[in-house]
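Let's take a walk through a protein model together, one piece at a time. Keep the picture open as you read, and look for each part as we come to it.

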Amino acid sequence: MLVSKDENIKTSAVYVASLILKKIQKQKVDKISIFEISKELKKYNITRYRHMFFGLAFLFSSGIIDFKEPFIYIKNKND
């Protein structure tokens, strides 16, 4: 289940993932630092690493991003 009825939607993996993607799109880059993502999520009162982790895990398991510490890369459509 992606979102539980008992979970706050503002901290769900899907919502946090959408915020991460919006940040990457806003910057118009292929990669972003995990620190930049953390800073952006704080603007939305998402301060716990667990929420960021699950958002990133959702994007990774969906095949949208890849990791190469400390950066997160948007996967190419050809990959």
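We begin with two strands: S1 and S3 pair in the antiparallel sense over three bridges. Helices (H or I, at least four residues) and strands (E, at least two) are DSSP runs, numbered from the N terminus, and two strands pair if DSSP finds at least two bridges between them. Within this pairing, Lys31 stands opposite Tyr73 in S3. A word on what you are looking at: this is a predicted model, in which local features need pLDDT of at least 70 and side-chain atom pairs count only at pLDDT 80 or more, while totals for chains, interfaces and linings use all residues. Residues are numbered from 1 along each chain as its sequence is written, and side-chain values use heavy atoms, leaving out hydrogens and water.

S2 and S3 form a hairpin, with two residues between them.

Put together, the three strands make an open antiparallel sheet in the order S1-S3-S2. Strand S1 (31-33) and strand S2 (65-68) are the edge strands, each pairing on one side only. From one strand to the next, the twist averages 25°; angles run from 0 to 180 degrees between N-to-C directions, and axes are lines fitted to C-alpha atoms, for helices over the stretch in contact.

Two helices pack on this sheet. Helix H2 (residues 34-42) touches S1 and S3, and its direction makes about 70° with that of S1. Helix H3 (residues 49-61) touches S2 and S3, and its direction makes about 115° with that of S2. Touching, or contact, means heavy atoms within 4.5 Å. Overall, the protein chain has three helices and three strands, which run α-β-α-α-β-β from the N terminus on.

Buried means under 20% relative accessible area, exposed over 50%, and partly exposed in between (1.4 Å probe, protein chains only). Leaving aside residues up to four places away in sequence, His51 touches Thr11, Val16 and Ile46.

Finally, turn to the charged side chains. The whole structure holds three salt bridges, each a side-chain nitrogen of Lys or Arg within 4 Å of a carboxyl oxygen of Asp or Glu. Glu40 and Lys23 meet in one of them (3.7 Å, N to O). Glu40 lies in helix H2 and Lys23 in helix H1 (residues 13-27), so this pair ties together parts that are 17 residues apart in sequence. Glu40 also meets Lys26 (3.5 Å, N to O), and forms a salt bridge with Lys43, the closest N and O atoms being 3.2 Å apart. Glu40 counts as buried at 5% relative accessibility, and Lys23 is buried at 15%, while Lys26 is exposed at 56% and Lys43 at 62%.
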